[in-house]
Amino acid sequence: MKISHHFDDATLIAYASGSLPQGMAVLVGSHLHWCKACRDRAREADAVGGSLLEEIEPVEMSGDALAQMLDCLDLPEAQRLPSTEPEVRSQKAMETGLPAPLAELLGRPLDQLQWRRIGYGVHQYDLGLEGPGATRLLRIAPGVSVPHHSHRGNELTLILRGSYSDELGRFCAGDVADVDTDVAHQPIVDTGEECICLIATDAPLKFSGLMGRLAQPFIGL
Amino acid sequence: MLEDEPEGKKVTAAADLTQSKQKAERENWTRTLASLAESRDKQLFAQLFTHFGPRVKAYIIRLGMPPATAEEVTQEAMLSVWRKAHLFNAAKASASTWIFTLARNLCIDRMRKEKTQEYELPDDEVDPDTRDYGEQAVLEAQMKTVIDTLPEAQAQVLFLSYYEGKSHSEIAEQLGIPLGSVKSRLRLAFSKLKTHWEGRA
């Protein structure tokens, strides 16, 4: 997989500091699953956290904390859920062709999801996660475009299948588009293959045209 | 004569001394953690607990957990240090970074209540990285010095992100600045840290 669009540093910092809403964190984790370059940068962002942990003003633990802890060390570890075993995880990822974090969350391949038609050539699957913003899969037919929109917050898109083009360039499977309030765009599917992408936001989008505003309640992003 | 040396030089020398002491200390913790996997020595674990426990607790409190819960989650985090020590790879992270990620993941789990989240970085398939023991710790000790030199505005957004787990928009709201400014400050801070990182790596 050749990846040419990556995350903004600010996004990787948010990921490392644990401040992303769940959907965005799953999206970031999914791209990291595919992209070594971003993995290395995420490791650096983790290391910033490590440095800050060293630097923090310590808060004393209760007097018997250590003794309690040492008593716990020999207790048997609670049985792990089978789905968290790494082999099972990667097997699931292989079967579905999806990155592990997303495969685990969906539990089935893209083609077996209950897609909902939300407009001409556009289908949606809502991951139904909590938190601010929304996390959806969009399946867009060849030649179809998403209405022109800008953003109130951050919007992350991970291409899972196919490709699209917009004002920012061409995005293929594995690529991410990492945009915010400064960007307005209108993605259009640019090959004969449909495009499936995961989109996570931390605030609602702003659709610019009348068509867009009409579509918003349906797309619900 | 020593007295004739300019003041600045003495200060630098003192800072260098502190830095190399911190560096040695960090390498030391990384080595301790790495040997814990082999030895399963409870004395070593007690040392790690005494050093990192109060730091993890402080971090969790800053993330907004009440102190009593923070103490409990800290115990949980330190128990994972003991149980997962065999997964620690000194070529990839220092002890403090690894423990930071364990504590962070536990807090995220707690706050979301559901464990659907993959938050560990997947391992690279083959790791040709044959870096020396604890070299990552050395780089990170240097990074800490760079964090200290960041302009206030950049350090502030970094602290709000990591210590308080605030999102970009929450920081923007709190500081009364546009979202774009929060992100550009974070980018600037990170690129300074990286320049340093890459320069020495």
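**Close-up views of a two-chain predicted model**

Helix H3 of chain A is largely enclosed by the rest of the structure, because 14 of its 20 residues are buried (20 or more other C-beta atoms within 10 Å of the residue's own, C-beta atoms being placed from the backbone). The model is predicted, so local features need pLDDT of at least 70 and side-chain atom pairs count only at pLDDT 80 or more, whereas totals for chains, interfaces and linings use all residues. Residues are numbered from 1 along each chain as its sequence is written, and chains are lettered from A and ligands numbered from 1 in the order in which they are written.

**View 1. Helix H3 of chain A.** Helices (H or I, at least four residues) and strands (E, at least two) are DSSP runs, numbered from the N terminus. The end C-alpha atoms of H3(A) are 29 Å apart, which agrees with the 28 Å that its 20 residues should span at 1.5 Å a residue (the expected span being 1.5 Å times one less than the number of residues).

**View 2. The contact between chains A and B.** Chain A contributes 54 residues and chain B 60 residues, two residues being in contact if their C-beta atoms, placed from the backbone, lie within 7 Å. On the side of chain A that touches chain B, at least two residues come from each of H1 (9-16), H2 (22-34), H3 (36-55), H4 (65-72) and H6 (100-106). H3(A) supplies the largest share of this side, 15 residues. By class, this side of chain A has 25 nonpolar, 13 polar and 16 charged residues (nonpolar: Ala, Val, Leu, Ile, Met, Phe, Trp, Tyr, Cys and Pro; charged: Asp, Glu, Lys and Arg; polar: the others, Gly among them).

**View 3. The two domains of chain A.** Domain 1 covers 9-106 and domain 2 covers 110-219, with bounds from an automatic or database domain assignment. Their contact takes 14 residues from domain 1 and 17 residues from domain 2. H2 and H6 of chain A each supply at least two residues of the domain 1 side, and H2(A) gives the most, with 7 residues. That side has 9 nonpolar, 5 polar and no charged residues.

**View 4. The open sheet of chain A.** Three strands are arranged in the order S7-S6-S9 with antiparallel pairing, where strands pair if DSSP finds at least two bridges between them. S7 (169-172) and S9 (188-189) are the edge strands, each pairing on one side only. S6 (residues 163-166) is joined to S7(A) by 4 bridges, and A:Tyr164 stands opposite A:Phe171 in S7(A).

Key:
Buried ≥ 20, exposed ≤ 12 C-beta atoms within 10 Å, placed from the backbone.
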